Amino acid sequence: MLTFFSKITGVDYPWVKYSQITGRDFVAGAMENTTATLHQEGAQQDARQLVDGNSWEGTIAHELFHHWFGDYVTTESWSNLTVNESFANYSETLWNEYKYGKDAGNEHNFGDMQNYLFSGSDKKDLVRFHYAHREDMFDAVSYQKGGRILHMLRNYIGDSAFFKSLANYLTTNKFKSAEAHQLRLAFEEVTGRDLNWFFNQWYFSSGHPSVDIDYLYNDEAGNVKVIIKQTQKSGKGFRLPIAIDVYQGSTKTRYNVWINNPVDTFTFRYTKRPDLINADADKVMLWQKKENKTLDNYIHQYKYAGNYLDRREAIEFAAKKLTEPRAAELLKSALNDKYEGLRQLAINLADIRKEAVRFSFEPIFAELARNDKKAIVRATAIQKLGDYKKAEYAGLFKTAVSDSSYTVAGNALEALGKIDEKASAELVKQLYGQPLKGNLQTVVMNEVLKSGDETMAEEIIGGFAAMPMSQAKFEALGGLSTYLAAIKDISFVRLGVDEIAKFRDAVPEAYRNQTDGYINGMVLKGILAKKESEAKANAGNIALQELVNYIKGKLPESERKGF
Ligand SMILES: [Zn+2]
């Protein structure tokens with residue numbers, strides 16, 4: 001990563017050393033202290049967690065890239081935070097693309113775009129001079145939107161000019177602070193282009209385009225009109241350079257055009273109707289769009305256009321048209337897509353209640369569950385096979401419970417529980433107490449806690465009591481309350497309730513207003529509600545009535561009302 005970032009920025013890692021530290025209960029995800037990045041404890045993963053891939057790798061890239069964008073050149077003000085955070089954010093995409101291939105980079109890019117689009121921050125400029133608190137700047141605009149803007153800029157000027165501009169910006173402003181205009185000047189110097197329009201639109205303004213794209217074929221006239229209409233409610237017009245690819249079979253012709261108006265029409269002549277016209281052919285636009293492509297277009301797009309998003313769009317379209325045999329066929333072929341993220345998507349979208357899917361997809365699910373080389377695909381396929389509830393898969397699931405991947409193992413245990421409760425309960429018992437993490441830990445804990453197995457009470461309550469004051473202990477409360485509600489042994493319930501109240505009262509004063517409400521109102525009252533209804537059903541049971549009063553006694557006066 002150090003070598004790759006040194007290479008693409010044109011600036012060798014500018015500090016004498018690099019250390020990474022993890023800290024328990026660290027309030028932020030991670031922090032790029034120069035030469036000594038501090039990570040949240042989630043960065044610590046065991047070998048089995050890493051089988052699914054390193055879930056912290058994006059953050060590792062992000063903090064490291066700050067050593068160029070953030071530490072070597074830093075932001076002049078919080079208003080200009082984009083010169084730090086948008087780059088660190090975009091480095092996650094760059095790293096994924098380099099290390100795991102273009103599909104992985106584009107998948108990351110797409111995920112971050114969705115983050116921004118669903119954040120409801122259309123009205124915020126990227127560079128903002130008015131904000132209530134500096135923390136407000138650390139949002140989906142400074143991070144995810146800014147990263148996508150850099151992705152568009154890179155596509156517009158090309159890789160060579162883009163990375164040369166980064167080197168220019170870093171060298172010109174090294175050991176100083178900078179703002180977005182210095183970034184613009186660095187890009188303008190390298191490209192010889194005026195980029196005020198781009199920066200005014202994306203850095204000093206807000207929102208993004210929404211477009212309707214219509215493809216109107218006219219075989220008689222021998223032309224097709226591509227009509228792109230901007231429909232964003234802000235009424236703001238965007239200027240967008242885009243590529244449109246016209247396909248005849250596997251041959252494509254590219255047209256680079258500009259969207260300049262509320263409605264733009266691009267006309268392409270043909271003798272034989274094109275198989276596909278693909279607007280925004282590189283799939284880089286930060287926009288929301290509606291298109292009137294046909295199933296045939298999408299089948300062609302999946303096969304020939306080839307980008308991650310081209311294939312993703314085709315898969316999603318097909319999944320909604322499963323009554324069409326050719327749509328089912330497309331989805332089925334996507335189960336063997338070359339990229340694991342799309343294989344996983346195709347499995348997830350395959351609705352087994354549909355006739356066209358249920359029988360013909362099943363052998364492929366079984367094959368993927370057994371043999372896919374990516375753990376996340378095996379895990380997803382096992383989950384899907386679990387939905388069939390067929391005893392014949394018990395062997396497969398039992399074997400998969402000892403898979404090195406926690407995700408595979410956890411999903412297999414759940415799937416087994418659907419067809420053989422006894423076998424799954426035995427496995428849960430064997431696994432409980434082993435140092436598990438990830439999905440397997442979640443599934444085992446859920447099963448144990450739901451079961452109300454009292455032979456495990458000492459371990460469960462004692463385990464909670466032994467935990468130091470921490471966020472992890474706070475998070476364990478939900479599971480413990482499920483367990484205490486489920487068991488019948490009154491002395492164990494009392495013991496558990498005592499431990500919960502002890503924890504509640506030990507929370508430092510400054511945090512009590514964030515924890516008391518949950519612990520009293522949800523955790524203790526949750527257990528109380530269950531025991532009260534049991535007491536009501538067993539009116540003569542004095543011990544149960546005493547337990548109810550005991551739990552009530554643990555609640556503050558203000559919380560006792562209503563009971
Ligand atoms: Zn950052």
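Mentor: Two strands count as paired if DSSP finds at least two bridges between them. Please keep in mind throughout that this is a predicted model.

Trainee: With that in hand, which residue in β3 does Gln 20 stand opposite?

Mentor: Strand β1 covers residues 19–23, and strand β3 covers residues 36–40. The two strands run parallel and are joined by 5 bridges, which meets the requirement of at least two bridges for a pair. Within β3, the residue that stands opposite Gln 20 is Thr 37.

Trainee: Which strands are the edge strands of the open sheet?

Mentor: The open sheet has 3 strands with mixed pairing, and their order is β1-β3-β2. An edge strand pairs on one side only, and that description applies to β1 (19–23) and β2 (30–31).

Trainee: Turning to the helices, is α12 roughly parallel or roughly antiparallel to α14?

Mentor: Helix α12 (residues 325–334) packs against α14 at an angle of about 25°, the axes being 11 Å apart. Angles under 35 degrees count as roughly parallel, and therefore the relation of α12 to α14 is roughly parallel.

Trainee: How many residues of the contact of α12 with α14 are nonpolar?

Mentor: On the α12 side the contact is made by Pro 325, Ala 328 and Lys 332, while α14 contributes Ala 356, Val 357, Ser 360, Phe 361 and Ile 364. Of these residues, 1 is polar and 1 is charged, and the number that are nonpolar is 6.

Trainee: Why is α14 oblique to α15?

Mentor: The axes of α14 (residues 355–371) and α15 (residues 375–386) come within 7 Å of each other. An angle over 145 degrees would count as roughly antiparallel, and one from 65 to 115 as roughly perpendicular. The helices are oblique because their axes cross at roughly 135°.

Trainee: Is the crossing in which α14 passes α15 left-handed or right-handed, and how many residues of that contact are charged?

Mentor: Helix α14 passes α15 in a left-handed crossing. The contact is made by Phe 365, Ala 366, Leu 368 and Ala 369 of α14 together with Val 377, Arg 378, Ala 381, Ile 382, Lys 384 and Leu 385 of α15. These residues divide into 8 nonpolar and no polar, and the number that are charged is 2.

Trainee: Finally, what distance separates the centres of domain 2 and domain 3?

Mentor: The domain assignment places domain 2 at 208–293 and domain 3 at 389–451. Taken over C-alpha atoms, their centres are separated by 50 Å.

Conventions. Residues are numbered from 1 along each chain as its sequence is written. This is a predicted model: local features need pLDDT of at least 70, side-chain atom pairs count only at pLDDT 80 or more; totals for chains, interfaces and linings use all residues. Axes are lines fitted to C-alpha atoms, for helices over the stretch in contact, and angles run from 0 to 180 degrees between N-to-C directions. Helices (H or I, at least four residues) and strands (E, at least two) are DSSP runs, numbered from the N terminus. A crossing is left-handed if the near helix is turned anticlockwise from the far one by less than a right angle, and right-handed if clockwise. Two residues are in contact if their C-beta atoms, placed from the backbone, lie within 7 Å. Ala, Val, Leu, Ile, Met, Phe, Trp, Tyr, Cys and Pro count as nonpolar, Asp, Glu, Lys and Arg as charged, and the others, Gly among them, as polar. Domain bounds come from an automatic or database domain assignment.
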